[in-house]
Amino acid sequence: MTQTAELIGPVTQLKGVGPRLAARLERLGIRVAQDVLFHLPARYQDRTRLVPIGALSVGDQAVIEGEVQLTELRYGKRPTLLSRVSDGTGSITLRFFHFNAKQRDALQRGVRLRCYGEVRSGAVTLEMVHPEYRPVSADAMNGDEIEETLTPIYPTTEGLHQLTLRNLTGQTLARLNDGAGVEDWLPAELLATLRLPDLAAALRYVHRPPVDAPVDELLAGRHPTQQRLAFEELLAHHLSLRQLRARVERHRAPVLRGPGELFADLQQSLPFRLTGAQQRVIGEIAADLQRAHPMQRLVQGDVGSGKTLVAAAAVLAAVEAGYQAAVMAPTELLAEQHWRNFGAWLAPLGVRIDSLAGKLKASARTAAIARLASGETQVAVGTHALFQDEVNFKKLGLVVIDEQHRFGVHQRLALWEKGNDSGRYPHQLIMTATPIPRTLAMTAYADLDVSVIDELPPGRQPVETVVVPGSRRDEVVQRVKLACRDGRQAYWVCTLIEESEVLQCQAAEDTVVILAEALPDLRVALVHGRMKGTEKEAVMMAFKAGDIDLLVATTVIEVGVDVPNASLMVIENAERLGLAQLHQLRGRVGRGNQKSACVLMYQPPLSRQGRARLATLRETNDGFEIARRDLEIRGPGEVLGTRQSGLLQLKIADVLRDQALIPKVDAAAQRLLRDYPSHVAPLIRRWLGEAVQFGDV
């Protein structure tokens, strides 16, 4: 079927869509009428049958119908409007915290209502809080006006109601039923091989599932029509990343081939041997750097696996070949740590290294920028300050990006572009301590080669993790006292539920006073994100030197802090942090050879997710297993940080649920590229829209 003007014209051709609504729809990527069809339901509600009030259970989402027996206004902490509704089988209370006089008048005794909402337990009867409702006439009791299909719930944006989206999909589906075409870019023989339904039929079904649709299958996303669309969406993402890889490989890059003497000298000076995994990954990177197109390699490694040393090997290869290297970190603290580590390793080898962190004084910054432009500085370490307009490299051959998911796509692209020297681009090494399960890596990073450091250095002790309620705080304080009395050091991490750095810092400032009073024999200090860089650095250096026993901190210490003598970490309100962040924090202890512990203190009651997170931390120290469970709990968009990156924002596919499709997607991508190359671009455009513009990152 060929696309027709009815579906590829602007969305304003649909009834009721003016400039204001069109602007809101554009925020959802809806620009032409066909885009409405590919704005797919996130979930469904079953409003196809009336449920007797007497048959309701807590947790049900149901349509009920009954007569208002009583409506009253209750005064407490805030006014509440309560309306008792009965249908002869039982009664239920409708509860409204937000209401007006008009609403109150509409809920008068004797009015017959049809309501939809979630059933909760109440003080006297079951309740629905802020249900959808409308008055119905007595002759509607026979079931007229009941929905004939499951009700789709769409992702939306501010000022855009579900009813509007349902109306627009209804109009667009009517055009589809009247013969307007939507192009199916998957060849018929491929659909037959995979036993997938055609596109128009799949779209009709997912937008308006019939009354007899298998509800459980639809809610789980496993219906054949949903799988058909999920397959196409995963295929579009996979093809876009393959195109990106092909584009990058068309660029030229400097060949960084040298005898490897600098890294050999560094290894001689180290007090430990590299692990087998480190040696393997260094070999993979060296092979990439000797090719004439840009390396695009992601190095995954658990906390403490030695990624920084692997990066140092790549940096020294660039320097030895006569090129500069840039190392970019997401925070000042981590950039500072890298500058210190690289300085300790590289300066004795005669390598000139400069920090370009944001805290530099104007004169020092000007001098550092001049050295970089002249080529005198061989390695620059910094935050996003590295890609500001006034920073120029003479001969940039390698870009190392740490914790890449913390940077937006444009930031990564800006640094890569800085190395463009007459069409020759630098190699790019990306590191993450947030391990990504293989299935997700295949989908999200099909444009990258992936190396895994799956071995910890010998002597690293697993951290014992205990979970305790906040009511046992005094016991935890005593544990800190005992650890520090034995010559060890400890962290006490403060978190707050509000995403406010100001409030987090206030909490830490209050905590440091309380702990200093409770532990007068200990040297207690504070570090948080709003301190000046010099103050923060002074505190961290004092802690590392052993001049501070207990460091109270916000989550600013999540990455980049290496104090081998610190053997105890207390994380307050641990239930408020994600798994990856908790694992990163825990990785700050256990870096020496003594037994270490992490105490996760929580405030009950715990949510189901909170309980699952804390149980995972208690059960395992394996970052890859933690990443797998994190993916199950939070989903791929959160784990990858793709909300800011514009990649892998899936509409209907689910990487975990649909991982069995991924090998078929890979095979289908090869077939399309070989036999149907003209289908590739429109397929990508349909599912990714403007995200394609991030192509060269």
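A: Happy to! Let's start with confidence, since this is a predicted model. For the chain, the mean pLDDT is 85, with 88% of residues at 70 or more. Please be careful with residues 641-647, where pLDDT stays under 50, and with residues 693-697, where pLDDT also stays under 50.

Now for the aromatic side chains. The count comes to 4 aromatic pairs. One of them joins Phe 342 and Trp 345: the ring centres are 6.3 Å apart and the planes stand at 80 degrees, over the 60 needed, so this pair is edge-to-face. Both residues belong to helix α13 (residues 332-346), and because they are 3 residues apart there, about one helical turn separates them. Phe 342 is buried, with a relative accessible area of 1%. Trp 345 has 19% relative accessibility and counts as buried too, because the cut-off is under 20%.

Arg 47 lies over the face of Tyr 116, 4.1 Å from the ring centre. Over the ring of Tyr 323 sits the charged end of Lys 395, at 4.5 Å from the centre.

Finally, a look at a helix pair: the axes of α10 (residues 261-269) and α12 (residues 307-320) come within 8 Å, crossing at roughly 140 degrees. Residues making this contact include Phe 263 and Leu 266 of α10, and Leu 316 and Val 319 of α12. By class, the contact has 8 nonpolar and 2 charged residues, with no polar ones.

Definitions and conventions: Residues are numbered from 1 along each chain as its sequence is written. Side-chain values use heavy atoms; hydrogens and water are left out. pLDDT is the predictor's confidence in each residue, from 0 to 100. Contact means heavy atoms within 4.5 Å. Axes are lines fitted to C-alpha atoms, for helices over the stretch in contact, and angles run from 0 to 180 degrees between N-to-C directions. Helices (H or I, at least four residues) and strands (E, at least two) are DSSP runs, numbered from the N terminus. Ala, Val, Leu, Ile, Met, Phe, Trp, Tyr, Cys and Pro count as nonpolar, Asp, Glu, Lys and Arg as charged, and the others, Gly among them, as polar. Rings of Phe, Tyr and Trp (its six-membered ring) pair if their centres lie within 6.5 Å; planes under 30 degrees apart count as stacked, over 60 as edge-to-face and the rest as tilted. Buried means under 20% relative accessible area, exposed over 50%, partly exposed in between (1.4 Å probe, protein chains only). A charge sits over a ring if NZ of Lys or CZ of Arg is within 6 Å of the ring centre and within 35 degrees of the ring normal.
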